[in-house]
Amino acid sequence: MNKAQKIFAALMPALALAGCMTVPAGGGEQVTRGETIGFSASACFGACPQYSVTVAPDGAAHFEPRRFTAQKTPKDFTVTPAQYAALRDLLAPYRPATGAEQRIVPGEPRCARVATDMPGYGVTWTGTGGQ
């Protein structure tokens, strides 16, 4: 066995056990339940920040800057179970049924005010069965 194979063999039991671990939240609910939420902001007519953020139910989050952001490089960070729940609840009114897509565009009842130079936003919910 070479050195890399020995390291992999030593870490394999820990990695296998890590897949079984959960962190309980209030009320006995598992923190790892839920969907990964993705949010993106696109270009506008001007210098609007363009970026994407993904937040997993276990708290793992990633920020990916594109243009006009103070943070110039990608950044991984962690959110608390309460922060994940707050984001999930904030975006819940816009979540379509699983497997469906919903567009809210200018002129529709849910988007009565129309400003043509505004950025676009995208939200995705990805679970174990896909989007």
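Colleague: How many bridges join β2 to β3?
Modeller: In this predicted model, β2 and β3 form a hairpin with four residues between them. The two strands run antiparallel, and the bridges that join them number six.

Colleague: In β3, which residue is the bridge partner of Y51?
Modeller: Y51 belongs to strand β2, residues 50-55. Its bridge partner in β3 is P65.

Colleague: Which residue in the turn between β2 and β3 has a positive phi?
Modeller: The turn belongs to the hairpin of β2 and β3. The positive phi there is about 100°, and the residue is G59.

Colleague: In β4, what is the bridge partner of A61?
Modeller: β3 and β4 pair in the antiparallel sense, over four bridges. For A61, the bridge partner in β4 is F77.

Colleague: Is F68 buried, exposed or partly exposed?
Modeller: F68 lies in the loop between β3 (60-67) and β4 (75-78). Its phi is near 60°, a positive value in a residue other than glycine. Buried would need under 20% relative accessible area and exposed over 50%. F68 has 38%, so it is partly exposed.

Colleague: Are the rings of F39 and Y51 stacked, edge-to-face or tilted?
Modeller: The count of aromatic pairs comes to three. The ring centres of F39 and Y51 are 6.2 Å apart. Stacked needs planes under 30 degrees apart and edge-to-face over 60. The planes of F39 and Y51 are at 40°, so the pair is tilted.

Colleague: Which residues form one aromatic cluster with F39?
Modeller: F39 is in strand β1 and Y51 in strand β2, twelve residues apart. F39 is partly exposed, at a relative accessible area of 26%. The residues in one cluster with F39 are Y51, F63 and Y121.

Conventions. Residues numbered from 1 in each chain as written. Predicted model: local features only at pLDDT ≥ 70, side-chain atom pairs only at ≥ 80, totals over all residues. Heavy atoms only, no water. Phe/Tyr/Trp six-rings, centres within 6.5 Å; stacked < 30°, edge-to-face > 60°. Buried < 20%, exposed > 50% of the residue type's maximum accessible area, 1.4 Å probe, protein only. Pairing = 2+ DSSP bridges.
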